[in-house]
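Biologist: Can you walk me through this model? I have the sequence and the structure open.

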Amino acid sequence: MKVHKASSRSKNEQRNATKRHPKSKWRVHNKRIRSLDPSQLTSSPTVAKVVPQLANRQKSKLKRLQKAHAKAVTLSPEESNFVRAKVRVPPVTFPRVHTNGGTELETGSDSEDSQDWSSYAKSVLQNGLEMKGGEEDLTPVARVQLEDEEPPEYHAQYDHVQNHTVLVLQQGQFLCFRGKCLLTCLSGRVEVMGFTIEQGQQPYPLFSPPSHCPLTIIALGDCAPPGRNRKEGRLEAKAIVRKHLSSEPRKRLLSEVDSDSCVVLLQPLDTPLVRFLTSFGELDHLFGLSSKELRSQAAVQNAAFSAVGLTALRGLCARGLVVSRSYREALSSLLNAWEGDFDRCPIILVCGAKNSGKSSFNRHLINTLLNHTASVEYLECDLGQTEFTPPGCLSLSTVTEPLLGPPFTHQREAEHMVFYGQSDCQADLDRYLDSLKSLWMYYSGESPIVINTMGWVKGHGFQVLVDLIRFFSVTHLVQLSYGDAPQCANLTPEFLRSAHGFQTHPPAQPVLADELDGHLASRGHVLLSIHSEFEGAGTSGEMRHQRSNELRDLALLGYFSQLQSAGPCPVRPLHCFTPYQVPLSAVALGVTHCEVAPDHILYAANASLVGLCCLDEKVVGRGGPVLLSQTPVCPCVGLGVLRGVDMARGLYFLVTPVPPAVLRQVNCLLLGEVTLPKMLLTMQHGVETELPYVTADYSFDITGAGKLHVFKGLSRPCFLKAKTNN
Amino acid sequence: MKRKPAGKTRHVVAWMNKAEWDHVLDYLYSKDLALRTHALHRISAWKGRFGHTTPVAVESTANLVRCQVLDGTGNMEGDDLVLLYGMALTRFVNLILERQHGRVAKPLRRLASNLNIPEWIVNLRHDMTHRRLPSLKWCRKGCEFVLNWLQQEYWSRQLSTRHIADWNSSSEEEDEEEGGKKQDDDKMEAEEEETVTRQRERERHKRARELLISYEHEQFQVYEELRQHSHERGPQLNTSTDLGWILAQINQFGSEYGDILMDVLVQDGFLIPTAEQLESLDIDPSGQFLDSFYPSLPRSFLRLWLPLLRVLSSAPFINQILDRLFAELSNEPTNHRTFYISAWISEILQCNSKCESKALRRMKMMKERIFVSRVPLQCQELISACLNSPCAATPFLLQQILTDMDKPLPTVTQHNLLRLCRIYTQCNLGDCSPSNTDPSQPVYTVESLQEQLAGAEQSRRVLSPKHGPGPAKAMPTQEIQEQLSAETIHERQAALRGSPWSVCTDKVPWKQYPLGKVPGQAEDPSCLMVETYSTLTVFDQQVELDHISHPHGNTSGAVVSRTGPDGPLWTHGDLSKLKMGLKLF
């Protein structure tokens, strides 16, 4: 419970750093605490009072300092937005922003305000992550509360002149949608995928394509300064609506605005990414409804939404992220671990079989943590479904912006990356582990880290998982599972004490058992088991854009959309960009996934995806290409397309979004099994000649034309016919 | 119309083009071990591109050929070879039959018979895996058979449209063995026939060139004489008897092989004059005074060809040559060619003009008309041909076609079409407004284009229903290529200075070069072969790892590379040292 308390403190403090009126901070804080964590506050304000003393042991001095610092920065209400943005920048200037703020304030405030939190605690029920203890009866279905009672009716108006929509959500109301938009919170607070957005914050892009679970905007209710009555609040909200709507649509909306309603501004989203993706014919419905939603007619017709690129969902399809009880509990205990008196930053490793909901949980977790801290580190150990980088790369990223969409919508340069080249690690487990170890060396330990692992939890995959837990000295292990039968053994600290990894082995049973056992126990991790209860857990998506190869292609397209200029230029296919050139003998070339005859290497490299890597060695060739004898584990700064090879002049031509200042360090190009999305090769507008590597004459009807196909679960006739035949 | 017929999906493959495929196929099945090795090496690169999607047949063939190559070197012992062959054959049988399984596993023998793989091959596989290893002799036999099977069933069918058609029309259960052989024979015959026809065609081309060259030669002589005589103001020379004979021959040839004659005519040095020819006709070859928007032939050059064209001018010939010229125009020829081709088109159209324009009257007076009586032209086809081959003169030509149509289009349609055409060809309207231009819309913006597009597209559809990709093609595509400003280039170059990298500053129309193609790249499938290369051995990466880990207080012993699951253990001490090193808080 005490840890819990601490969590509210830090929420407080972050606000503190961004909020105006240092003098009225006290009250502002109270309100905020109340609205954020209703359950815990009621549960025991008395216990909470004990916490400060416990938590204060060592930190108080530091905290004070930072508090002062933060105050100095928070200047005026106008600047609050700016400051917030600044705070989110990597935590150099504000190490542990979350820890500043007065503990005494809270203890006082709790009792004072706790009486009225319950008045709207009910409305926050949908906000699953903040639930705890008392709401045992809340099954995931609780989120669908609107389903039977009232049809979802949204108070939204579109303004033609300014081309945006203003949406008024009552406390507790939510909007589950498909599509994409830019969301600004004008009044009150809303939550999306665990991230709280409130008045005065920057606009956030939201992407909700049918490849993933739809996003939900949940109104959390306003936290108007106390002392102002409802009427004032209402007037203020109405003023905001007036400001953003012209007279005609305004009238219809004003009557719906109340003091505690959230006003949200939705704008159409037209980024180079969106334009690039939708320029491909196959992807033009990427931000539409999924076929299942179409079939069940889940779309709510609303002109104001469709004008900005959204489609609201209703019925069962509007359940959004299904949060099971174990999920909620795990999330809140991780939050507590961060806030609590844990003597170091939590190292959170998330594991589970394929399609058990790891990446959704990760996003939710990161967003939740970002409510309380400026940045979260993220270590990618899953080669197939990478979060921030193209597939086939392992990376360590610093996350400062919330993740409000699937991975392909937030491809960015990772701080540190290693190119592995394949979408699974089976071929070379040692290189995989070595790559991760080399990335781990860059982890600063100053912010919490979330480690995402691959879905391979059987056989060697499980051994690798054991290795990872040991390498990273994980403090919190989240293990997701689904169905009735467990996918793999429970990774309890006791289990790990005897489990064999791929590279690591359990310590030999020591003779001086007492001492070592005590040591190990203190080092053991906390295991949080989550039982996923969403529909289709454990089965891979079959619908369009849900299959893993499609998602990988989307991630690559998302990555290369960085090449597109931000202005209103036409979408350019990759071959239209001015390439960089480099002599064949100045960069090494290697193939990560198979043996290619050296004199034919350029046939493999031409028009291929390459990892741009930096070797320590100086690369000096003798005219021709420089080939690597084995695949190195080396830093990778990004990906590029080897656009062509000028044999006469001995030059590689490369198209890449990597900035030139970074590109200059690159001296090694690695080829992997992850290939360019097919459409990048088959759709090259403006080319009049025949496209290389593309043919329409290849027939897959001919025997042997297809790839190696592994049939899983091929049943033997003897099993079917009860051994009568054989 | 543009590249591939619609409806066929385009696949990404590992070979650059058909030529590379043929090249590998030839080498795979050649007798020469070096060539076969070459093919295997190329397939290794293919596998690099394909990754896990390598076609099963390609992989099996490579495995089996590898066995034969190793067998051929004579360096291997019999037992080694049996193991090699064994794996290659087993994988072939298993992989090729894998897809034949339904949901339930079936006996391989039955599946094999569906594919015309004889039972003994399957038995060979069973022997390899479950029973006594077969003899090397049987292995070799099996390998040879399977390679032939693969050639017939996969390699020779794939990428050859004729065979695909055969295959698709026939059901899978058909007797493939015989069919395959027959097809092979057919193929041989067809190939032979093809070479013979090609040979003949080449000869005919040669003949046509000879005839036309002798005609030109004769005409130049006449011209020279004429020039000399003009000083003396002597009587005009009549066409010599030699010329008459040549003309008769050409006419004869043209009636038989009109296509070939046309082919040669549109080549440089005939209807398209070379610089030399122009000089000898006293025409400035630099062409700087020529108006590419309103091309017209230099008169003396026209006169050079008039006798021949008069002889040839029949209605079908005129239609044919127009078609041909437009087709040439759509191949995006050089400026010089474009000018002369469009000038010839314009010339012919003018001769056919129905209203008595000034130009026509002048032509009559000068006896410069190629033909006198009007020829019914296929205007619809002409318009679509004209629009398919955009050049600077397209609006001008289009105008001519439109005004001469027997059943003219509605004027609105004509206007729209012309306007669209001008926008596309970027012909400046200010300085060259022909009679029909609408002066109220002198400037075109993207918006006006968009407005016009709907209407124009419609009219286009009315005009030529067959003309599918026209509207898309008519969209301006210039912008699609990235144009870096000098500043950006400078900035990037500055950032890259000191490194081997640089921005490619060659003036290359990259939009015309698809990924994998660069300017000057040969079509030859061996264009990417590496002659010299060097190998770089990277030090163990762990060195770097240690280096980095030092600031964390790690001893270098803590992080050691392991190889294999049986490698040295991470001792507890190592582990805790590692952990200690990482904890900074």
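Predicted model: local features only at pLDDT ≥ 70, side-chain atom pairs only at ≥ 80, totals over all residues.

Biologist: Fine. How many aromatic pairs are there over all chains?

Modeller: The count is 30. Rings of Phe, Tyr and Trp (its six-membered ring) pair if their centres lie within 6.5 Å; planes under 30 degrees apart are stacked, over 60 edge-to-face, and the rest tilted.

Biologist: Why is the pair of Tyr698(A) and Trp15(B) called tilted?

Modeller: Because the planes meet at 50°, with the ring centres 5.6 Å apart. This pair crosses between chains. Tyr698(A) is in the loop between strand S25 (694-695) and helix H23 (717-720) of chain A. Trp15(B) is in the loop between strand S1 (11-12) and helix H1 (18-28) of chain B. Helices (H or I, at least four residues) and strands (E, at least two) are DSSP runs, numbered from the N terminus.

Biologist: Is Tyr698(A) buried or exposed? And Trp15(B), buried or exposed?

Modeller: Tyr698(A) has a relative accessible area of 4%, so it is buried. Trp15(B) is at 1%, so it counts as buried too.

Biologist: What about Tyr154(B) and Trp155(B), what kind of pair do they form?

Modeller: Edge-to-face, with 5.3 Å centre to centre and 90° between the planes. Tyr154(B) is buried at 0% relative accessible area. Trp155(B) is buried at 1%.

Biologist: Which residues form one aromatic cluster with those?

Modeller: Tyr154(B) and Trp155(B) cluster with Tyr698(A), Phe700(A), Trp15(B), Trp21(B), Trp46(B) and Phe50(B).

Biologist: Charges over rings next. What sits over the ring of Tyr603(A)?

Modeller: The charged end of Arg42(B), 3.3 Å from the ring centre. Arg49(B) lies over the face of Tyr693(A), at 3.7 Å from the centre of that ring. The rule wants NZ of Lys or CZ of Arg within 6 Å of the ring centre and within 35 degrees of the ring normal.

Biologist: Which strands does S13(A) pair with?

Modeller: Strand S12(A), residues 376-380, joins S13(A) through 5 bridges and runs antiparallel to it. Glu377(A) stands opposite Thr398(A) there. Strand S14(A), residues 416-419, is joined to S13(A) by 4 bridges, also antiparallel. Ser395(A) stands opposite Met417(A). Pairing takes at least two DSSP bridges between the strands.

Biologist: And chain B, what is its secondary structure?

Modeller: Chain B has 24 helices and 3 strands. Buried residues make up 46% of its 585 residues.

Biologist: Where is Ala275(B)?

Modeller: Ala275(B) lies in helix H12(B), residues 275-280. At 42% relative accessibility, Ala275(B) counts as partly exposed. Its C-alpha atom is 9.8 Å from that of His336(B), which is 61 residues apart along the chain.

Definitions and conventions
Residues numbered from 1 in each chain as written. Chains lettered and ligands numbered in written order. Heavy atoms only, no water. Buried < 20%, exposed > 50% of the residue type's maximum accessible area, 1.4 Å probe, protein only.
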